[in-house]
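Biologist: Hello! Could you walk me through this model, taking one topic at a time?

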Amino acid sequence: MRMIEKNKSYIALVEDMTLEGNGVCKIDGFAVFVPMTAVGDRIRFKAVKVLKHYGYGILEEILSPSCDRIEVDCPSFKQCGGCSFCHIRYDAELRLKEKSVRDAFQRIGGFALESEPIFGAPDPEHYRNKAQYPLGVDENGKAIAGFYAKRSHRIVPIDCCRIQDERFAPIVQWILHFINEHQISIYDERTGKGLLRHIYLRVGRSSGETMVCLVATGNKLPFCREFVCGLQQRFPQVTSVVLNRNAQNTNVILGDKFYLLSGNDTIQDHFGDQEFCIAPSAFYQVNKEQAERLYALAFEYAQFTGKELLLDLYCGIGSIGLSAYSKVGRLIGVEVVASAVESARKNATINCADRTEFICADAKMAAKELVRRGLRPDVVIVDPPRQGCDREVLQSIVDMAPNKVVMISCNPSTAARDCKILSEQGYRLVRYRGIDMFPRTGHVECVVLLERGDKLLPL
């Protein structure tokens with residue numbers, strides 16, 4: 001293998017792409033990653049970083065474009081770190097994501113089973129019902145809002161984002177005008193001084209109810225009365241105005257303290273045939289329309305008969321379990337975030353779901369408690385964070401010996417790892433499928449069905 005030279009130009013064909021949107025070229029077998037390229041592009045690039053086994057290049061010229069390439073309709077795409085695939089057709093993006101799910105289960109999980117075709121989104125634009133805009137100042141000292149540039153904390157000002165709900169942009173612009181007009185200070189992460197850090201917005205896609213949350217270092221907002229009155233007069237759909245206090249020197253957006261400035265402390269939304277109250281910090285799928293299809297797929301995998309005891313691990317505000325409530329005999333949900341459990345219980349009451357129990361506990365501790373109580377769920381639905389399931393959670397699932405485990409994961413790599421562990425203890429991988437919850441970004445979700453074998457082994 002010949003090592004390429006830094007700062008030298010090369011001509012190559014883009015053979016593959018990563019989920020970060022980087023094209024993969026090979027020069028005498030040496031892999032080079034080049035951003036803003038597409039599979040099938042013939043390009044000239046300059047090598048800018050050369051490591052032992054791979055390198056990075058920057059695009060100098062597209063000599064022959066790929067048939068997957070399209071015109072970019074976002075002026076911020078090259079700077080903003082939000083999207084990866086604005087430069088290729090959506091069907092090409094789906095092929096890449098389907099391949100990434102299949103590769104994870106075959107390479108990491110060691111499964112020979114082929115994935116089912118990926119479930120694409122009918123509309124890949126304006127789907128996000130939640131947005132967090134970091135605040136900063138420009139060279140003239142005026143407040144700006146946008147998204148961080150790739151691999152940095154430099155804010156790229158964004159007027160309108162193609163994946164955010166269209167109702168957000170005018171609200172953000174009005175808030176910026178108010179901040180500048182009243183000279184409210186903006187937090188500087190280098191000095192730790194200043195008040196406002198983020199604009200955080202949520203909308204109920206069905207209800208239209210909108211929450212505006214300002215994240216600040218203090219617990220009071222200057223000109224609060226004028227802000228609330230002006231905001232709700234201009235945007236009547238804003239039914240909740242909240243101040244969140246985060247005085248810590250951290251990359252975490254939200255602090256622990258919320259102060260209601262006007263309206264309700266939650267917004268409502270319809271999800272399938274259920275109604276949900278959504279608190280500022282509660283987990284709620286950012287692509288509601290695609291999440292409804294995700295849950296329908298998970299329930300299809302589960303093949304409920306109406307008599308099951310369903311255990312919903314990492315249940316959040318109860319959206320998965322409560323959506324399945326009419327299909328099962330009894331529901332138990334487990335979640336470690338106390339405010340989410342409170343919302344789940346409230347949502348169960350709103351939807352008259354009386355055959356439910358929501359437990360506030362770490363998943364592994366709650367699962368152990370259910371084993372101690374002698375409860376054996378027929379089906380476990382588990383929707384873990386990106387790092388996947390704790391090994392003790394997997395052990396507890398094995399101890400409870402459900403007939404079926406349905407895993408919903410935002411990280412196919414950790415899902416494949418966890419499924420491999422379960423398969424080594426007697427569970428059989430039956431089906432799995434990618435579903436694109438986050439079009440134009442490098443993220444892909446997957447749904448997996450495992451069924452219990454005749455003999456389970458200890459971990």
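Biologist: Is Phe45 buried or exposed?

Modeller: Happy to start there, with a word on the source: this is a predicted model, where local features need pLDDT of at least 70, side-chain atom pairs count only at pLDDT 80 or more, and totals for chains, interfaces and linings use all residues. Residues are numbered from 1 along each chain as its sequence is written, and side-chain values use heavy atoms, with hydrogens and water left out. Buried means under 20% relative accessible area and exposed over 50%, with partly exposed in between (1.4 Å probe, protein chains only). Phe45 has a relative accessible area of 0%, so the word for Phe45 is buried.

Biologist: Where is Phe45, and how many Å separate it from Ser9, C-alpha to C-alpha?

Modeller: Helices (H or I, at least four residues) and strands (E, at least two) are DSSP runs, numbered from the N terminus. Phe45 sits in strand β5, residues 42-50. Contact means heavy atoms within 4.5 Å, and the residues Phe45 touches, not counting those up to four places away in sequence, include Ser9, Tyr10, Ile27 and Leu59. Phe45 and Ser9 are 36 residues apart in sequence, and their C-alpha distance is 5.5 Å.

Biologist: Is Ile88 buried or exposed?

Modeller: Ile88 lies in the loop between β6 (54-64) and α1 (90-108). Leaving aside neighbours within four places in sequence, its contacts include Met17, Ala38, Leu96 and Arg440. Its relative accessibility is 1%, so Ile88 counts as buried.

Biologist: Which residues touch the most other members of the largest nonpolar core?

Modeller: A nonpolar core is a set of buried Ala, Val, Leu, Ile, Met, Phe, Trp, Tyr and Cys residues joined through side-chain atoms within 4.5 Å. A second, separate core has 42 residues, among them Ala366 and Leu422. In the largest core, which has 86 residues, the answer is Leu196 and Phe227.

Biologist: Which elements do the buried residues of helix α3 pack against?

Modeller: Helix α3 covers residues 224-234, and its buried residues are Phe227, Val228, Gly230 and Leu231. They pack against α2 (168-181), β12 (210-216), β13 (238-245) and β14 (257-263).

Biologist: Are α7 and α8 roughly parallel or roughly antiparallel?

Modeller: Axes are lines fitted to C-alpha atoms, for helices over the stretch in contact, and angles run from 0 to 180 degrees between N-to-C directions. The axes of α7 (residues 363-372) and α8 come within 8 Å and cross at roughly 20°. Angles under 35 degrees count as roughly parallel, over 145 as roughly antiparallel, 65 to 115 as roughly perpendicular and the rest as oblique. The pair is therefore roughly parallel.

Biologist: What is the handedness of the crossing where α8 passes α9?

Modeller: Helix α8 (residues 391-400) and helix α9 (residues 412-423) pack at about 40°, with axes 11 Å apart, and are therefore oblique to each other. A crossing is left-handed if the near helix is turned anticlockwise from the far one by less than a right angle, and right-handed if clockwise. For α8 passing α9, the crossing is right-handed.

Biologist: Which residues of α9 make that contact?

Modeller: On the α8 side, the contact is made by Arg391, Leu394 and Val398. The α9 residues are Asp418, Ile421 and Leu422.

Biologist: What is the phi of Gln303?

Modeller: Gln303 is in the loop between α4 (288-302) and β17 (309-313). Although Gln303 is not a glycine, its phi is positive, at about 50°.
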